[in-house]
Each structure stands twice: as structure tokens, then as C-alpha cells.
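Here is a set of questions and answers on how a fold is put together. Look over the sequence and model before reading on.

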Amino acid sequence: MDNSPQIAPLDHLGYMRLALSLAEKCPPKPTNYRVGAVLVDEGTNQILSTGFTLELPGNTHAEQCALRKYSSTKNVPEEAVGSVLPTQTVLYTTMEPCQTRSAGNTPCVERILGTISGEDGGIQTVYVGVKEPDTFVVANAGQSKLEQAGIVYIHVPGLEQEILHTATAGHQNS
């Protein structure tokens, strides 16, 4: 990405701040969380793609937008994006990836798992700002599904209040 901000290697809080700034671009709605995601090649510290909730047409989630945009730059279908991701790809997302979607959409956890190709291909680590609140899905098992598949799940502390405030803007009693 040409206009990527300069974030120091392994500055997890810096990448989470970037993801939060992306989440703020999503219009507040009572039926969605405002989430931001950043796809990074940790080996080169290069931002590969970014996304936020509702950035692309349809009821799109942040992780979905980031993966779809990256696959588009590589001229591969989204389902094959894992085959073109660098071996040290990580994902920063302000909220735990969903394990359930309505209206036939593929859950973000399944999209992340779908990137795995071979022993070290695809997204190997997911950095998360907050667990998903129980508003839409009670007891989201995104973390456990990712960990069961061998994907490292790491909570990045420090922005929880800001993330939840942004995520729930537009909700009643937010």
C-alpha cells in the first residue's frame, strides 16, 4: 500500500490504533459493530491491506474487506487469497473475528482459516483489541476456533475503551 503510515516493526499498539482509525470510518448503525482491520507482512513490516466494516458493498466486515481488497490487488479470487499471502502475514482487528454471520455471509473466522495454505502460509497470527460483546452473537467462539486451527490469537491491551466506544456507536445505550 503506497500511502501506508510508518509503524515500527512489532508495534502492536500502533497497528491497533491504525485499525481503530479505520473503524471510525464506518457509519454508526444499530445493527453492526464498527471494526477496523489491518493485514500486515510481519517479515517486512509492510501493510498489505486494510478494511473496515461496510467499506465494500454488502454487509461486509472489516476482515472480509481487507482480504477482498488484497486478493483484488493480486488478481486472485478471495477464496484463493491464502496462496498469495506472504508467509509471515498477520491480521490486526479491533474486535474478535466473528464465527457466525447472518444472510449466508461467510464468517470472518472461516475467511481467516481459508487463508491457510501449507505449513506456514496464510494468516498465522491474529492480534485483537477486544472480545466481541454478546450483543449480536452470544459467546462468540472465534478465538477458540482460530486457536484450535493453530492460529495464534493475541490480545493487544490498551485501547479497549476506545474500541468499544467506536464499535458500538449507533447502538442504543452505547
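**Sheet and helices**

Q: In β5, which residue is the bridge partner of Thr125?
A: This is a predicted model, where local features need pLDDT of at least 70, side-chain atom pairs count only at pLDDT 80 or more, and totals for chains, interfaces and linings use all residues. Residues are numbered from 1 along each chain as its sequence is written, and side-chain values use heavy atoms, with hydrogens and water left out. β4 and β5 pair in the parallel sense over four bridges. The partner of Thr125 in β5 is Val152.

Q: Which residue in β3 is the bridge partner of Val38?
A: Strand β1 (residues 36-41) and β3 run antiparallel, joined by five bridges. Within β3, the partner of Val38 is Tyr92.

Q: Which residue in β4 does Met95 stand opposite?
A: β3 pairs with strand β4 (residues 125-130) in the parallel sense, over five bridges. Opposite Met95 stands Val130.

Q: How many residues of strand β3 are buried?
A: Buried means under 20% relative accessible area; exposed is over 50%, and partly exposed lies in between (1.4 Å probe, protein chains only). Strand β3 (residues 89-95) is mostly covered. The buried count is seven of seven.

Q: Why are α1 and α5 called roughly parallel?
A: Axes are lines fitted to C-alpha atoms, for helices over the stretch in contact, and angles run from 0 to 180 degrees between N-to-C directions. Helix α1 (residues 12-23) and helix α5 (residues 160-167) pack with axes 10 Å apart, at about 20°. Angles under 35 degrees count as roughly parallel, over 145 as roughly antiparallel, 65 to 115 as roughly perpendicular and the rest as oblique. α1 and α5 are therefore roughly parallel.

Q: Which residues in α5 do Met16, Leu20 and Ala23 meet?
A: Contact means heavy atoms within 4.5 Å. From α1, Met16, Leu20 and Ala23 meet Glu162, Ile163 and Thr166.

Technical notes
Helices (H or I, at least four residues) and strands (E, at least two) are DSSP runs, numbered from the N terminus. Two strands pair if DSSP finds at least two bridges between them.
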